[in-house]
Amino acid sequence: MDIDDLDRQVIHALQLDGRAPFNRIAEVLGVSDQTVARRYRRLRSADLLRVVAVPPAGYLAHGRWLLRLRCAPGAAPPVAEALARRTDTAWVQLVSGGTEVQCITRAATPDDAERLLLDKLPRTSRVVDVAAHSVLHVFYGSPSPIRLLDALTREQAAALGPQPEFAADPSDIPQCSPDDRPLLDVLARDGRTALPDLAAATGWSASTVRRRVDHLRSLGALHFYAEFDPRLVGLGHGARLWMTAAPADLDAAGRALASHPEVVFAAATTGATNLAASVLCRDAHDLYRYLTDRAAALPGVARIETTPIIRDVKRLGRVLPRA
């Protein structure tokens, strides 16, 4: 389905505030409430856009791992689909010409993390190598290319509110309360779920739900954003970078990486490489310019391995239909 400039403006607006009322978005865009609502529902029904609420990794999970599974020719797609069906995987991608599967896992308990790595990975001779990288520190973690969107003018974006910050797992965020789980589970499926439906799911009053959501957002424990296929806005070339930085330069390199608009995720990890990032670019030439310009200037980075993303199999807990 083709989208136009107004569709892109609605997507951009929902990136800035996923629960913004349609009348507020309409006022900024200079159209009617009904037009914004109709555009949103059209994109939503076509499975091109959904608003989700995502807490920091440490709020709901005990440890996050980046896994790389190198596969025999032809084996990667079924391995990726098996991983995508698991409840503890958040992202599953086919990369490197379809010969490797990469995924992000979140364990509900410390024991689950151990069982995943030792017992639960797909057991097949067609997986020829597995590398597991524990995430030590997240420098930037927005699951979408919000800094590359340009559908709104600066004045329009300012009218909708400040650009959301995705600070990495801030240590002052308290642990998730068990009472919050029903609320977070519903918002992870549809971040625009109405207050009466959230109240029914939690057993709280609508006013209590509103206060709790506002409180979690003020803590940085809940971020709303619009999930969509980046190709809709011209970002058709994604890649994951695996970098090696000198220990003394790791923090500076990670902070510099987090400032790059192409970067949607950057973290320090364990393993053969100690700095991982996901980037989105418009095409292969754009990725080349990024690698030879901003990435090449990262302090203390001696080596960069680039693995192009061929297909997202699962994105933020949702298995994607095949194109």
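**Exercise 1. Find how strand 2 pairs with strand 4, and with strand 5, in this predicted model.**

Step 1. Take strand 4 (residues 100-106). Strand 2 pairs with strand 4 in the antiparallel sense, over seven bridges.

Step 2. Turn to strand 5 (residues 127-141). Here too the pairing with strand 2 is antiparallel, over seven bridges. Arg-70 has its bridge partner, Asp-129, in strand 5.

Step 3. Check burial. Strand 2 spans residues 64-71, and seven of its eight residues are buried, so the rest of the structure largely encloses it.

**Exercise 2. Work out which residues of helix 12 are buried, and what covers them.**

Step 1. List the buried residues of helix 12 (residues 284-292): Asp-286, Leu-287 and Tyr-290.

Step 2. Look down the helix axis. These buried residues fall within an arc of 100 degrees, so they line one face of helix 12.

Step 3. Go to the other side of helix 12. His-285 and Tyr-288 are exposed there.

Step 4. Name the cover. It includes strand 7, helix 11, strand 8, strand 9 and strand 10.

Step 5. Inspect the start of helix 12. A side-chain oxygen of Asp-283 comes to within 3.1 Å of the backbone nitrogen of His-285.

**Exercise 3. Decide whether Val-233 is buried or exposed, and find what it touches.**

Step 1. Locate Val-233. It sits in the loop between strand 6 (223-228) and strand 7.

Step 2. Apply the cut-off. Buried means under 20% relative accessible area. Val-233 has 16%, so Val-233 is buried.

Step 3. Leave out residues up to four places away in sequence. Val-233 then touches Arg-8, Leu-149, Phe-228 and Arg-282.

Definitions and conventions
Residues are numbered from 1 along each chain as its sequence is written. This is a predicted model: local features need pLDDT of at least 70, side-chain atom pairs count only at pLDDT 80 or more; totals for chains, interfaces and linings use all residues. Side-chain values use heavy atoms; hydrogens and water are left out. Buried means under 20% relative accessible area, exposed over 50%, partly exposed in between (1.4 Å probe, protein chains only). Helices (H or I, at least four residues) and strands (E, at least two) are DSSP runs, numbered from the N terminus. The arc is that of the directions from the helix axis to the C-beta atoms. Contact means heavy atoms within 4.5 Å. A polar contact is a pair of N or O atoms within 3.5 Å; within protein, one must be able to donate a hydrogen and the other to accept it, and residues adjacent in sequence count only if both atoms are side-chain atoms. Two strands pair if DSSP finds at least two bridges between them.
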